[in-house]
Amino acid sequence: MSPRELEKRGKYTTVSIPVTLYNRIKKLIKDTGFTSVSQYVTYVLREIVAAHEEARYEEPFSEEDKKKILEKLRRLGYI
Amino acid sequence: MVSRPHGGKLVNRVARSKRLEHLRAEARELPRINISYERYIDLLDIAHGAFSPLEGFLLQEDYLYVLDDMRLSNDLPWTIPIVLDVDPEEISGVKEGDDIALYYGGEPVAVMRVEEIYGWDKKKHAQSIYKTLDTGHPGVKKTLEMKELLVGGTIDLIKDLEHPLIHRILWPAETRILFREKGWKKIVAFQTRNVPHRGHEYVQKAALTFTDGILIHPLIGWKKPGDYRDEVIFAAYEALIKHYYPENVTVLAGLVMNMRYAGPREAVHHAIVRKNFGCTHFIIGRDHAGVGDYYGPYEAWEIFDEFPDLGIVPLFIREAFYCKKCGGMVNEKICPHPEEYRVRISGTKLRKMIREGKMPPEYMMRPEVAKVVLSFKDPFVH
C-alpha cells in the first residue's frame with residue numbers, strides 16, 4: 001500500500017455509547033488534560049483491554065525448554 | 001507475577017536442530033545481503049523475543065504507524081521502528097515473496113522472507129524519532145547515513161551471538177524462568193550504560209524497597225565514543241553488588257541491544273523490552289536514553305501518559321544527590337535543604353577523574369567500585 005493510500009485510510013471508526021454516558025464523561029473531563037470524550041474513552045479502553053489480555057496469558061515453555069534453561073542458569077551461577 | 005510478553009506471545013525465531021541445518025544449507029544458495037553489526041543486534045533481539053511481538057523487520061504499514069502514532073497497526077504500543085535498510089543495487093533481482101540470506105562478518109546469520117521493499121523519508125524518520133534533524137545527534141547522523149530502501153519481513157536466526165561476555169547475557173526466556181525459580185513476583189529493571197555511582201545505587205535501592213528483586217541490565221551493543229566498555233561496567237557492578245547489596249535480590253545480566261539516544265521514545269521502548277524479559281517495573285531516571293541537551297531532563301516521564309496499556313509500571317525516580325545536611329543520598333522530593341548543602345554527582349566529572357586516573361570521592365563512587373574501574377588501562381569506547 002502506498003504512503004498516500006495509508007494516509008487516506010481511516011484510522012478511526014465509530015462506536016456507539018449511550019448519550020447519558022457521553023454526557024457523564026463530558027462533564028467528568030472538563031478542566032482535565034483530555035480534549036474530547038473520544039480521547040478519554042480511547043485512553044480508558046486501552047487500559048482495560050490490556051488488563052484483560054494480561055489475565056489470559058500462560059507461559060509457553062515446554063518441560064524440555066525449561067530444563068535446558070535451568071541447567072544454563074545453574075552453570076552460569078544465577079541459581 | 002512475571003509480566004506477560006508484549007503482544008501476548010514470546011517470539012522465538014532461533015532456528016534449531018533439523019530446521020537450523022536446513023536453513024544454513026538454504027542460505028548459501030540465496031541472494032546475499034550484508035548487514036552491519038547494529039542490524040545483527042536487532043536480528044538477535046527479534047529472534048530471542050526481546051522485541052516481541054516483532055517477528056522480523058517492520059513492514060511499511062507498521063513502520064508508518066510507529067512513526068506517526070507510536071503504535072503498531074494492531075494498536076500495540078511501539079515507539080522505535082526496527083527496520084532493515086538496503087541499497088537498490090544489492091536488492092535488485094529480489095522480489096516480494098523471495099527469501100534472502102543476511103550476512104554478517106562473512107557468514108550467513110539469518111534467512112529473511114522479503115514481504116515488502118519500500119522507500120522511506122529519512123528526514124521524517126529522524127524528526128519523528130529523535131525530535132531533531134541536527135546531525136550532531138548520533139541517531140540522526142546514523143539515520144541519514146542509512147541506505148535508500150527498507151525491507152520488511154520475518155526472519156529466522158541461524159547464527160547466534162558470539163561474545164566475550166556471552167556468560168553474562170540472558171535472553172527473555174531465561175530471565176522469565178529465573179524469576180519464577182526465585183519466586184519473584186515484582187521485578188524492577190534498571191537499564192544502564194555506565195559504571196555505577198552512588199546516585200545509581202540510591203535509585204536501585206529505592207526501587208528494590210518495593211519489589212522482590214532487581215534486574216540490573218547493562219547494555220551491550222553499539223555505543224558512542226566516550227561510553228564505558230562493557231567489561232568495565234560488569235566488573236564495576238560485580239564489586240558493588242558484592243559489597244553493598246543483600247544476597248539474592250539482584251540479577252546482573254547483559255542486554256544485547258543498540259542504543260539509539262532517542263530520549264522519550266526510547267524510554268518507552270526500553271520499558272517494553274524489559275516487559276518481555278519478565279519485569280513488572282522499570283526505572284526511568286533523569287534524561288533517560290538522552291544525549292547532550294536534545295531532550296528535557298524529565299521529558300521521558302511525560303510520554304508514558306500516552307500508554308495506559310503498556311503493561312509494565314514505570315518508576316519515575318528523580319536524580320539523587322548528596323545532601324550535607326541530610327547526611328546521605330536523597331532527591332528533590334525528600335530533601336528540604338537549599339542548594340548550598342547539595343552536592344550533585346556529575347557523570348562528566350566522574351569520567352574526567354577516571355580518565356586522569358584519579359580516585360573519585362566516596363560520596364560519588366564506592367571505593368571498591370572505583371578501584372575496579374581504575375584497574376582498567378582504558379575503560380572507554382573509542
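I count two residues as in contact if their C-beta atoms, placed from the backbone, lie within 7 Å. I note that the model I am reading is predicted.

**Entry 1: chain A against chain B**

I looked up the interface of the two chains first. On that cut-off, 22 residues of chain A touch 17 residues of chain B. I then asked which elements of chain A supply two or more residues to this side, and found α1 (3-8), α3 (37-55) and α4 (63-75). The largest share is that of α3(A), with seven residues. I sorted the chain A side by class and got 15 nonpolar and seven charged residues, with no polar ones.

**Entry 2: α4(A) on α7(B)**

I went on to one helix pair that spans the chains. The axes of α4(A) and α7(B), the latter covering residues 172-182, are 10 Å apart, and the helices pack at about 80 degrees. Angles of 65 to 115 degrees count as roughly perpendicular, so α4(A) is roughly perpendicular to α7(B). From α4(A) I listed Lys66(A), Ile69(A), Leu70(A), Lys72(A) and Leu73(A). Their partners in α7(B) are Ala173(B), Glu174(B), Ile177(B), Leu178(B) and Glu181(B). By class, I have six nonpolar and four charged residues in this contact, and again no polar ones.

**Entry 3: the domains of chain B**

I found 22 residues of domain 1 of chain B in contact with 25 residues of domain 2. On the domain 1 side, α2 (37-47), α5 and α6 of chain B each give at least two residues. The most come from α2(B), which supplies six. I sorted this side of domain 1 into 11 nonpolar, seven polar and four charged residues.

**Entry 4: α5(B) and α6(B)**

I then checked how α5(B) and α6(B) lie against each other. The axes of α5 (residues 122-130) and α6 (residues 138-145) of chain B come within 9 Å and cross at roughly 160 degrees. Angles over 145 degrees count as roughly antiparallel, and therefore α5(B) is roughly antiparallel to α6(B). I recorded the crossing of α5(B) with α6(B) as right-handed. In α5(B), Lys122(B), His125(B), Ala126(B), Ile129(B) and Tyr130(B) make the contact. In α6(B), they meet Gly139(B), Val140(B), Thr143(B) and Leu144(B). I divided the residues of this contact into five nonpolar, three polar and one charged.

Methods:
Residues are numbered from 1 along each chain as its sequence is written. Chains are lettered from A and ligands numbered from 1 in the order in which they are written. This is a predicted model: local features need pLDDT of at least 70, side-chain atom pairs count only at pLDDT 80 or more; totals for chains, interfaces and linings use all residues. Helices (H or I, at least four residues) and strands (E, at least two) are DSSP runs, numbered from the N terminus. Ala, Val, Leu, Ile, Met, Phe, Trp, Tyr, Cys and Pro count as nonpolar, Asp, Glu, Lys and Arg as charged, and the others, Gly among them, as polar. Axes are lines fitted to C-alpha atoms, for helices over the stretch in contact, and angles run from 0 to 180 degrees between N-to-C directions. Angles under 35 degrees count as roughly parallel, over 145 as roughly antiparallel, 65 to 115 as roughly perpendicular and the rest as oblique. A crossing is left-handed if the near helix is turned anticlockwise from the far one by less than a right angle, and right-handed if clockwise.
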